[in-house]
Each structure stands twice: as structure tokens, then as C-alpha cells.
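Dear colleague,

Please find the structure below, followed by a summary of what was found in it. I would be grateful if you could read the two side by side.

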Amino acid sequence: MSLHPLLTQLLTPNRYAVIFAIKGVVAMALALFVSMALQLDRPYWAMVAAVFLQIRPESGLVIEKALCLIGGSAVGGGFGVVVLAFLTPYPLLALGLLTLWIGLNSAASSMVHNTNYIYAFAMAGMTAGLVVILVMADASTTNSQAVFAIAQARISEIATGAVCAMLVSQLLWPVTVKDGLRVNARNVINKTLAYLTLELEPGSSHEQRHQHADEILETLVALNDDSSAVTYEGPEGSGRSRAAHLLCNKVMSLLAVTQILGRFHRNHGDLVSPAFSEVLSQMRRYFGEIAEADTYQKSYVLAHELRRSLLEQQTGFRNESAIVTRLTRTALELVSDLVVVLRAYNALESRDRTLLKAPMLETHRDPLVGLINGFRTAMIFVIGAVIWIQTASSAALMIMIMPVVFSVMFARFSLAELTPILRRVLLGATVAIPFALFFGLGLLSRVSGNFELLVLVLAGPYFFGLLALADRPTLPYGLGFCISFTIITQPSNSMTFNAESAVNIALGLFVGISILYWVFKLITPPDSRFMQRRLLRSTARDLVVIDDHEQAENWFNGRMGERLLRLANYDQSSGSSDRYMTDLGFTGLNLGHVSIRLRRLIQDHRSPTVDTLLKEWQQTLAETYLLSARGATNPAFRKANARLLEAIHGQRNPDQKTVIIEGMFERLALTLERTARTVAEATGQTTLSSAVPDPLAE
């Protein structure tokens, strides 16, 4: 029988986890020492900040996180001062404005994907809450000078913990983001090559292809998130960040292009000529060899060999159809993107000044998700505030503060992911309560003011809590334990053992996290199918305006990265086996790339008439895409193809480019009609031939 992951991590920790736990204990000890030396009011908040910085302890990430914590605390403290300056005589109005502030920060955190930026919003809400609530708890003896002192103390405590953890991260067994970027980049390239091979393999299954695509998207988003932190790791950091952005962007292009080739040979085998079949076979063989290559140089040489081989085969084509000619060109574009991906990977270690700059993958921002998350966090704060007002208990302050922080931190997770996370945080907090009451306070109260003995007593519990924090599956246990243990024991210069106060704080934390759990269960975003259709409509709107952007491919790739991952996550959480909504997302990615390539092909055929028809064609393409997502075909699309092709022929005599365009239009029509049939079969409806008025407006 295998052990529970938490027990495995605690009983048989690996070398990395032990080093991580030791660094964490040193960081928290240093934060406590400096806070006590500076006579800060509540040193335990410095320790809480140090705990947060132990999540992902790579040096660049720690620096970025420290800056976010300090910046968020400063903004939150400033807001708290402003609220008190105007609303101290009106406590209910002050609490109302504070609730709005916390809700806005939670909503804003839903609009970013980088975890460190989310911490900034969490700190902005928490610090403002601490300043306002601590002043209101003793308003009769508080003046303007005391308000500034409280705000300064909270900011100083958070900043002290962040800076101490940052110093330990830099000086004691430093781990860099650069190393993680290289590992993730290599993984994503190998997974992409395996995926390319599967797409071109006649016997591959739908499930296999989706499993690889899901893993690629998850790794891409992680790589993209870490790329901002590598800029803090020396003068080469910004170059590595740009290389990571370019790699992510071009992998998205590879996913788009290979989908075109894979779907064509699987669904239209009758159109695959012997010559094109040889092209696909050669690509599969080379992709396997590139993946097995043990050096960058060998992979790079093999990619160029593949490109030359495809060019030679294309030159030898005789009487091939327009669609085969177009798809062979597509295969060459795929290999060119693969060469850039390999160069970007190499640039993560060796600077390559010839690489073009590419933007980061963007976070998909859905105002509806932000509104729900903001309302949910505000409700958690309101429940805590009502309990505080009714009981006047200082322990109720914890119900108002820590659940709000966790709510902001966890807002971006889906309910399927969040349920086990919250349970583990709650279990960690539950275990921390007896440890803090019977072990921590019982010993700590006897060593008040003696830093050496304080650290000696604290080291044991924190070491095991940080061991749990070192591994992703057990991280929520460690987070719940370390935060709760710190807040209950509250190490400081003048500790006293007050059993009643400690028990009240412990109960406040337990109740607060329990409220958090149930509010998250009760207030959830709409069902996954509704949210997926919103993602598809966002994709369609991007298709309409794709010509408005100078670097359209980079812009569209950046918009589609997290969008595809969300579609895949919704499909996974719903237990859907057909995964057709994820397929629709990849179809949208394909359509965007085809639109961009069409504009390159007709560059020499542009005229006012062509431009007008091109705009109409793009609108029809987006509408047809949405109709196919409902299981309906759109006869207007083939007519739009014919009108645009006729206008292109009217500018110049037909040539190789117009043959490719004709093949492109036929391939698009086949793709969208097949997509409509697939959706209709998956949803148990009859494929319709209709046009819904302006589906983009929904």
C-alpha cells in the first residue's frame, strides 16, 4: 500500500525538499530576528511574508514576489490611510468601502495569470484591511498619527519578511529560474515533436493527441509565467526572457499548422496524393530524430535537412492539386517555425541577438469571471465583518483577513482544482492548532524575548511544514500549517501565554477557512459549457479584427495560449470524452493563422475591391466558425470564398500563389463543414445549413 503524498514527503523527503526546508527556516528566523531587533509591533507578519516567498523559491521568482508583496502592501496601506482620513466617524461606510476595495482587488487578480502579481493584489487587500480594522478596533484612542504608525508598521513588517527571504534565497544554495526555463523549454519542445508525429501518424488516437496537446499548453503557460522573473537574474536575464516569449509564440504556431496537416490526412485521405504521403512520412521520421538528438546543434542541423528535403520534393511535384500544393507550403512553414523554436531554446543559454522580439502569451480576461470572484471575496469579508461586529472579538479579525488572502490567491483555479486545495489548507490549519497551542505556546511563552530559544523551539514545526510546502501536491498542507502556526503563536519580543486568546485566534482561523471553503462551493462561475462558448466568441471576435494588428501572428498566438488551456481544462473537469470544445479552440487557432497567411499571399493582388471583399470574408469566416461550433454549416462561406477569389484573379493572371489560395479556401470550407458535423454528432443533433444573424453579438 502506498503512503499518502504528505506522509511520503515528510518521512522520505528528497534532497531538494530538505534544502528548501532549511532555507525556509533560515529565512523565517532572519525575518523574526530583524523584526524583533527593529522593535516592530507584530513580527509574525514578517514571518507570514517569508512563508509566502517560500512558494517557488527560485531567486528570480523570489525577487519578483518580494517586490509584488512590498508594492501591494504599500498600495493597500495607503488606501487604508485614505479611508480612515475621511471615514473614521462613519465605521459602516469605512467597512463598505473596504469591502469594495477587497472585491476590486480580487476581481483584478482574476485578470492576471502570473502568481506573483496575484500576491500583490492579495497584499493590497490584506494590508488595507489590517490598517482599517486595527484602527477601528480601538477608535477611541486613535489619532491621525497613530493611523500612519499602524500603516507604516504593517508595511514595514511585510517588507522586512520579504527582504529577508529574498536575501536568503540569493545567498544560501541559490536556485535560478534560468535552469527551470531550460528544463521546461526542453520538455515543451520534446512534447511538441511527439505531438507533431502523432498528428501525422495515421494510427494515432484522438485521446493520445489531446493528452499531448494538454501537456504542451500547461508547460507553455508555466514557461510564459516564469519568463518575467528571469529578468531579475543578471544582465542576460532580459535576453532569456525574450527567448522564452519567442519560443512560446512559435510553439503556438506549430500547434496551429500541424493541426491543418493532421486533420487533412485523417479526414480527407482521398485527396492525399502519393507525393504528399511521402512528405508526411519524411516529416514523421525527422521529427523523431530531432527529438532523440542529444545536442542543440544536431537538432538544428536535422531541422535544416528536413527543410531542404521538403523543398526538393515540392520542386518535383507534377500535376498536384491546389490543396496539396498549399499544404506542402504549410509543411515548409511548420519546419521554419521549428527552426526558430530550436534557436530560441539555445538562446536561453547563449545569447542570440538575431532573434526577433515576441510578446508574452496574454492572460485571457473575462469580466464575468472577475465579477464573480470579486463578489465572492467581498462576501467572505462581509461575513467576517458581521461576526466581528456582533461579537466584538479580536479573534474575529482573522476571519476577515486570512480567508480574504486565500480567496484572492485561489481565485484563478477552477472549482474542480480548488476543492482539494481548500480541503488540504483546512487540514493543515487544523493540524497546526494543537501544535501551536500545546507545543508552540507552551514553550515559547517561557522564552519571551530570547531570540535563540525562540528559533530553537520554532525550527522543528516550521521544518516539517516547509517540507510539505516543497512539493506541489502537498503544498496546500504546508501553507495551511505554516500560516496558522505563525498567527496563533505570534512570536515577538514580549510573548505571553494567553490560552483564551490563542484558542480564539485558532477558532477564528478554522472558522474563516471553513467559510472560505463553503463560499467557494456556493458561489461559482456558470457551467463549463457556457464559459467555453464565451471563449469561442472571444476567439471569433479576434478573427474579425486580426487585420488591425501589425504583428498579427504574435498578437493572435498571445491571445490564444491561455484561452486554449482554459478550454482544455473545462473539458477535463466536465469529464467529456469527445473533447470537441477543445478541438474547436484549436480550429480557431488554425483559422487565425490561415487568415494571416492569406494576407501574405495576396500582398501583390491588393486593391480597394479586394480589401473590401477581404473584410467581408473575414467577418463571414468568424460567423461560420461560431455556427460550426453549434453544429450548423454556413453556405455563405463558400460564396464569400468565390467572390474574393474572383476579385484576386481580376488583379493579376492566375499564378502559383492564386493556386495556393484556391487550395486554402477549399481546405477551410472542408474543415468548417466537418467541424459542424462533428459537433452535431457529439451533441446528438442534425447538422443544419443556416446562418444565424450576427452571432458575434451574443
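**Charges over a ring**

The charged end of Arg186 lies over the ring of Tyr345, at 5.8 Å from the ring's centre. Arg182 is also placed over the face of Tyr345, 4.4 Å from the ring centre. A charge is taken to sit over a ring if NZ of Lys or CZ of Arg is within 6 Å of the ring centre and within 35 degrees of the ring normal.

Please note that this is a predicted model, in which local features need pLDDT of at least 70 and side-chain atom pairs count only at pLDDT 80 or more, while totals for chains, interfaces and linings use all residues. Residues are numbered from 1 along each chain as its sequence is written, and side-chain values use heavy atoms, with hydrogens and water left out.

**Aromatic pairs**

There are 14 aromatic pairs in the structure. Rings of Phe, Tyr and Trp (its six-membered ring) pair if their centres lie within 6.5 Å; planes under 30 degrees apart count as stacked, over 60 as edge-to-face and the rest as tilted. Phe79 and Trp101 are stacked because their ring centres are 4.1 Å apart and their planes meet at 10°. This pair links distant parts of the chain, with Phe79 in helix 4 (residues 59–87) and Trp101 in helix 5 (residues 91–109), 22 residues apart. Helices are DSSP runs (H or I, at least four residues), numbered from the N terminus. Phe79 is buried at 18% relative accessibility, and Trp101 is buried at 17%; buried means under 20% relative accessible area (1.4 Å probe, protein chains only).

Phe435, Tyr462, Phe481 and Phe485 form one aromatic cluster.

**Salt bridges**

The structure holds 20 salt bridges, each being a side-chain nitrogen of Lys or Arg within 4 Å of a carboxyl oxygen of Asp or Glu. In one of them, the closest N and O atoms of Arg597 and Glu333 are 2.4 Å apart. Arg597 belongs to helix 22 (residues 580–601) and Glu333 to helix 13 (residues 322–347), so this pair ties together parts that are 264 residues apart in sequence. Both of these residues, Arg597 and Glu333, are buried.

Glu562 and Arg566 form another salt bridge, at 3.1 Å from N to O. These two residues, Glu562 and Arg566, are 4 residues apart in helix 21, and are therefore separated by about one helical turn. Both Glu562 and Arg566 are buried. Finally, salt bridges with shared partners join Lys250, Arg329, Glu333, Asp337, Glu553, Arg597 and Arg600 into one network.

With kind regards

How values were computed. Buried < 20%, exposed > 50% of the residue type's maximum accessible area, 1.4 Å probe, protein only.
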